[in-house]
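Could you help me learn to read a protein structure, one feature at a time? I would like the general idea, and then the case at hand.

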Amino acid sequence: MIFIENELLRVTINLKGAELISLFHKKNLLEYMWNGDPAFWGKYSPVLFPIIGELKGNGYLFENSFYKMGRHGFAREMIFFEEQRDAERVVFLLNSSADTLKIFPFNFEFRIIYSIKNSKLNVSYTIHNNGKAAMYFSVGGHPAFALPLLPGSAYDDYYLEFENEETINKWLVSKQGLIEKESVSFLVAEKKIPLTKELFYKDAIVLKNLKSESVSLKSSVSQHGFKFDFTGFPYLGIWAAKNADFVCIEPWCGIADSADSDQQLVKKEGINSLESSAVFSRTWSVELW
């Protein structure tokens, strides 16, 4: 395990998947991350790369070849190299390899950078295209936050609140994990999403192109919560495993395949194209209180 800390925060990251597994506020004496109970969901904050969600037929087509790839890509299951570290910042690196090229035919360097300042954690994804042609990929986060945060409080004492009023639909998810053609009304000139476990019984809430760039977790019975900033991520997923004590806030640059996808990677909704030698970077952050 790798640790960074300051006077307020202690952050723990696993080299496998460069996965954030603990975000502890020293003065509040509160753990903000889910505990990874495998009876519900045995992960904490997997990194999604080079795809997000499900691919139709568990694969994609690129330059007349078919490549198989599982849900959320391969980075979350791979061992990252610790490239650099000081007290409040650590950089993890994953390079393309003979194994990755079999399922993702692009040469890349993928860095995940964790840094803290005061009570705020920044998580940056930086992708460098080492190939001679354009690279096509998605990237995103999947952090699961403990809910309820405070002992003695209940799951439905909490709510999410966007920075702006939103009038937006949510996109339906099929049993195969694909995005349906249909969407349904979700918020109408509203900021708040009351949290209940039943909210996630039909899979994730998938939102596109919100006006807001941040959302806060708040409580009707406690002053503790956080602000989650997802500037630069055009998609947001909100999810929890059935009856589990957490909520995932998932910033995505990319999205699962649509139910009517033709499986062509270059035409996939939300796919990012990165020219040779170019660099792509996005950062999400969470500020605790």
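Predicted model: local features only at pLDDT ≥ 70, side-chain atom pairs only at ≥ 80, totals over all residues.

Q: Now the strands. What is the order of the strands in the open sheet of four?
A: Strands of a sheet pair through backbone hydrogen bonds, either parallel or antiparallel. Here the order is E1-E2-E3-E4, with antiparallel pairing. Strand E1 (2-5) and strand E4 (30-31) are the edge strands, each pairing on one side only. Four bridges join E1 to strand E2 (residues 9-14), and Glu5 has Arg10 in E2 as its bridge partner. Glu5 and Arg10 also belong, with Lys26, to a network of salt bridges.

Q: Which strands pair with E22?
A: One of them is strand E10 (residues 120-129), which runs antiparallel to strand E22 (residues 279-288) and is joined to it by nine bridges. Within that pairing, Val123 has Trp284 as its bridge partner. Strand E18 (residues 226-229) also pairs with E22 in the antiparallel sense, over four bridges, and there Phe228 stands opposite Val286.

Q: Is strand E17 largely enclosed or open, and why?
A: Count its buried residues: five of the six in strand E17 (residues 214-219) are buried, so the strand is largely enclosed by the rest of the structure. Strand E14 (residues 158-173) pairs with E17 in the antiparallel sense over five bridges, with Glu161 opposite Ser216. E17 also pairs with E18, antiparallel and over four bridges. Leu217 has Phe226 in E18 as its bridge partner, and six residues lie between the two strands of this E17-E18 hairpin.

Q: How many salt bridges does a search of the whole structure find?
A: The search finds 14. To read one, look at the two side chains and then at where they sit along the chain. Lys218 and Glu161 meet in a salt bridge at 2.7 Å, N to O. Because Lys218 lies in strand E17 and Glu161 in strand E14, the pair ties together parts that are 57 residues apart in sequence. Lys218 is partly exposed, at 26% relative accessible area, whereas Glu161 is buried, at 16%.

Q: Where do Lys208 and Glu269 lie?
A: Lys208 is in strand E16 (residues 205-208) and Glu269 in the loop between E20 and E21, so this pair ties together parts that are 61 residues apart in sequence. Their closest N and O atoms are 3.0 Å apart in a salt bridge. Lys208 counts as buried at 15% relative accessibility, while Glu269 is partly exposed at 33%.

Q: Let's finish in a loop. Is Ser261 buried or exposed?
A: Buried means under 20% relative accessible area. Ser261 has 13%, so this residue is buried. Ser261 lies in the loop between E20 and strand E21 (272-274). A polar atom of the Ser261 side chain is 2.9 Å from the backbone nitrogen of Gln263.

Conventions:
Residues numbered from 1 in each chain as written. Heavy atoms only, no water. Pairing = 2+ DSSP bridges. Buried < 20%, exposed > 50% of the residue type's maximum accessible area, 1.4 Å probe, protein only. Polar contact = N/O pair within 3.5 Å; in protein donor to acceptor, adjacent residues only side chain to side chain. Salt bridge = Lys/Arg side-chain N within 4 Å of Asp/Glu carboxyl O.
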